[in-house]
Structures are given as structure tokens and as C-alpha cells.
Amino acid sequence: MRTCSCRFTPNKLPDKDKLAIKFQKKLRKIGHHILCFLHYNDVPPDNNGSERAIRTIKVKQKVSGGFRSLDRADGLAVLRSVTDTTIKSGNDVFYALSLIANFAAE
């Protein structure tokens with residue numbers, strides 16, 4: 001995991017606010033990871049990529065009223081996982097799927 005050189009040091013809070021103290025301790029512990037995206041262009045500021053990855057399956061589920069079997073849902077999940085991973089890594093989707101098909105045929 002990448003670490004950032006910046007440090008987040010919040011001011012000390014009054015002892016009476018337990019949630020704020022707990023949050024402050026957490027910020028001191030992991031604060032250097034929070035604004036890492038400002039220092040590294042390849043680190044996204046949010047998790048929208050993960051949310052976009054599951055959106056197609058959720059839309060399919062809403063449009064068709066769900067899946068007829070658990071096996072088909074699992075199959076689509078595996079197919080989308082392979083497709084999305086291949087696209088994110090910059091490789092050819094058709095080539096990756098053909099490798100899987102050839103491996104399964106053996």
C-alpha cells in the first residue's frame with residue numbers, strides 16, 4: 001500500500017466529547033492516507049469505480065426482475081468481474097475471454 005508524506009494533525013478536543021475523541025484518534029492513526037489522492041494522480045478520491053462495477057448487475061436485476069437461478073447470477077458476476085478487471089488493466093477483453101474458454105475446453 002502506498003503511503004503519503006503529508007500528515008494530518010487535528011487540534012486537541014475537549015475530553016467530554018467521546019465520539020469526537022474517537023474520530024480524532026482514528027484521524028491521527030490513518031490521517032496520512034486520507035488526502036493521498038492530492039499527491040498521487042493515479043489514486044482516485046472516491047470509490048466510484050467500485051460502485052460503477054456493480055451498477056450493470058443491479059440494472060439487469062431491476063429491468064428483468066432478478067435472475068431465474070443462482071447459477072446464472074453467479075455466472076454473470078464472474079463474467080463481469082473478468083471483463084471489468086481486464087478493462088481496468090488495459091488488456092483486450094476478447095483475448096482474455098478466449099483464454100478462459102480455451103482453458104475450460106482442455
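Select T86 and show what surrounds it: apart from neighbours within four places in sequence, T86 is in contact (heavy atoms within 4.5 Å) with N91, D92, V93 and A96. You're looking at a predicted model, where local features need pLDDT of at least 70, side-chain atom pairs count only at pLDDT 80 or more, and totals for chains, interfaces and linings use all residues. Residues are numbered from 1 along each chain as its sequence is written, and side-chain values use heavy atoms, with hydrogens and water left out.

**Stay on T86.** T86 belongs to helix α3, residues 70-88. Helices here are DSSP runs of H or I with at least four residues, strands are runs of E with at least two, and both are numbered from the N terminus. Is T86 buried or exposed? T86 is buried, at 8% relative accessible area. The cut-offs are under 20% for buried and over 50% for exposed, with partly exposed in between (1.4 Å probe, protein chains only). Now show the side chain: T86 reaches the backbone oxygen of V82 at 2.6 Å. A polar contact is a pair of N or O atoms within 3.5 Å; within protein, one must be able to donate a hydrogen and the other to accept it, and residues adjacent in sequence count only if both atoms are side-chain atoms.

**Next, select R80 and D84.** Their side chains meet in a salt bridge, 2.8 Å from N to O. That term needs a side-chain nitrogen of Lys or Arg within 4 Å of a carboxyl oxygen of Asp or Glu, and the count by this rule is one. Where do the two partners sit along the helix? D84 and R80 are four residues apart in helix α3, which means about one helical turn separates them. An α-helix has 3.6 residues a turn, so residues three or four places apart point the same way. D84 is buried at 15% relative accessible area, while R80 is partly exposed at 26%.

**Hop over to K60.** You'll find K60 in helix α2, residues 48-64. K60 is partly exposed, with 38% relative accessibility. Skipping neighbours within four places in sequence, K60 is in contact with G65, F67 and L76.

**Now colour helix α1, residues 18-34.** Where is the kink in this helix centred? Zoom in on R28: α1 kinks there by about 55°. The bend at a residue is the angle between axes fitted to the seven residues ending there and the seven starting there. The buried residues of α1 are A20, I21, Q24, L27, G31 and H32. I30, also in α1, is partly exposed at 32%.

I30, I34, L35 and L38 make a nonpolar patch of about 330 Å². Patches are made of residues with over 30% relative accessible area and no salt bridge, joining like charges within 9 Å and nonpolar side chains (Val, Leu, Ile, Met, Phe, Trp, Tyr) within 5 Å.

**Finally, zoom out.** The protein chain has four helices and zero strands. Of its 106 residues, 14% count as buried. The chain exposes about 9,100 Å², with carbon and sulfur atoms supplying 59% of that; accessible areas come from the Shrake-Rupley method with a 1.4 Å probe, and for residues only the protein chains shown count as cover.
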